[in-house]
Amino acid sequence: MNIKEKKTQSIIRRFDLCKSITKSSINSLLARYSIDPTVITDNFQSLFFNQPSQSPSIIKWHITSKCNCDCIFCYQHGLGEEDLKTSHINTITRQICDSKICFVVLTGGEVFLSKDIFNILKSLKKHRKAVIILTNGILLEEFSNEIVNLGVEQLSISIDSHIPEMHDRFRNHKGAFEKILKGIEAIKKKRNGGRPNIAIRAVILKENIQQIEEYINFFKDKVDEISFAPLQIPFSENLNCKEINLNKEDGIKLKKIIAGLEEKFSFFKLPYYKLMPQFITDPRALLNNNLFRCMGYSFILTIKNNGDVFLCPHMKKAFEDGKIHFNARLGNVKHDKLLDLWKSKRCFLIQQYLKSAKNKCICWCTTDNINTEFAGYFKN
Ligand SMILES: C[S@@+](CC[C@H](N)C(=O)[O-])C[C@H]1O[C@@H](n2cnc3c(N)ncnc32)[C@H](O)[C@@H]1O
Ligand code: SF4
Ligand code: SF4
């Protein structure tokens, strides 16, 4: 086959794959959320055919840096900068509401410490945006009425152990575990038709790695979804927790644990989990063998608490040789419009850069299953 024929074949395969992935992903999203599928289709097309898209499907918004925990591993330590004023928060909310963006992930810090959270939620829900909240769960009981009545689609609650003292120690907040359980019960009592969906996620650390099965057994009848993410140091140069980081031996342990759990809990068969041990033992090999590629940013735009807009706020810190080659900041909402930043040449170039795996950084987030699902397709 000559080069031209090879290229044509590759485009045809891309087109078929794009169609089938788009169809199945959109069907599964439509089954869960009432969203407009056109933006997601546009993002998939952009990913597969190297063309700019008109809008992100998802906004990840760190609405505050305030927090009522002090987790030893938190990559947000040093987020530091002042939160935006309410007037700027309202501007962002309005821009999202007036756009075709489908999903808004609200995170922090701790979102329920923001004085603006319920106004943001009211507006987003009025405009039928699907809202997912990442929370440490401590204030869930206190705000359970608002959360249920406003129609939040999903709560993603961090719980790192089923042993109360251990969770509280990781989070540096005595009584956190009990508060979360009470909060979950309060939401379950009040919710209608399973909304909000209650998902929990644990950070895997040295100390809890052997407890994965007990953790699942403890929570499986209490919540709707469970997921795990490994501790990730490269996210923050300010982290002072090298000694709790996972090493090669932990990766080998995790491989055995996951293999042993696959038959009992089918989600462990996902590439995200199958490849997680290798992320710990030999992350470079995942990149070199086209098993990982950072693709979430064909869909997601991130806003930090000070209004800075990024594709990935961690990217510049994640380069292996420690040099900052690239600052992935796109602008700031105080003087730039979100969609202008998304449609900018700079944004498109960074997406292309990520897709070609030139970035060399690698990280493992539950929301980014896509990074392992289609990586092989974009072989260099
Ligand atoms: C930064 S927090 C913000 C939301 C909320 N405060 C919470 O803890 O859920 C978002 C998620 O990142 C996780 N996380 C924080 N630091 C991490 C790290 N170094 N490695 C992996 N996950 C981390 C948290 O456990 C949480 O699930
Ligand atoms: S609760 Fe969340 S934001 Fe707060 S310190 Fe812990 S991980 Fe960081
Ligand atoms: S792999 Fe992707 S998400 Fe992780 S630091 Fe790099 S650009 Fe960011």
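**View 1. C97, a partly exposed residue in helix α3.** C97 counts as partly exposed because 17 other C-beta atoms lie within 10 Å. The cut-offs go like this: 20 or more other C-beta atoms within 10 Å of a residue's own makes it buried, 12 or fewer makes it exposed, and partly exposed is in between, with C-beta atoms placed from the backbone. You'll find C97 in helix α3, which covers residues 86-97. (Helices are DSSP runs of H or I with at least four residues, strands are runs of E with at least two, and both are numbered from the N terminus.) Leaving out residues up to four places away in sequence, C97 touches S123, L124 and H127; contact here means C-beta atoms, placed from the backbone, within 7 Å. C97 and K129 are 32 residues apart along the chain, and their C-alpha atoms are separated by 7.5 Å.

Before you zoom in further, keep in mind that this is a predicted model, where local features need pLDDT of at least 70, side-chain atom pairs count only at pLDDT 80 or more, and totals for chains, interfaces and linings use all residues. Residues are numbered from 1 along each chain as its sequence is written, while chains are lettered from A and ligands numbered from 1 in the order in which they are written.

**View 2. The open sheet of nine strands.** Going across, the order is β6-β5-β4-β3-β2-β1-β7-β8-β9, with mixed pairing. At the edges sit β6 (225-230) and β9 (329-332), each of which pairs on one side only; two strands pair if DSSP finds at least two bridges between them. From one strand to the next, the twist averages 20°, using axes fitted as lines to C-alpha atoms and angles from 0 to 180 degrees between N-to-C directions.

**View 3. Strands β4 and β5, side by side.** β4 (residues 154-158) and β5 run parallel, joined by five bridges. Look for S156, which stands opposite A199 in β5.

**View 4. The surroundings of ligand 1.** The shell has 18 residues, and the closest are Y75, L134, N136, S158 and Q232. A residue counts as near if its C-beta atom, placed from the backbone, lies within 6 Å. Both β3 (130-135) and β5 (197-204) supply at least two residues each.

Technical notes:
Two residues are in contact if their C-beta atoms, placed from the backbone, lie within 7 Å.
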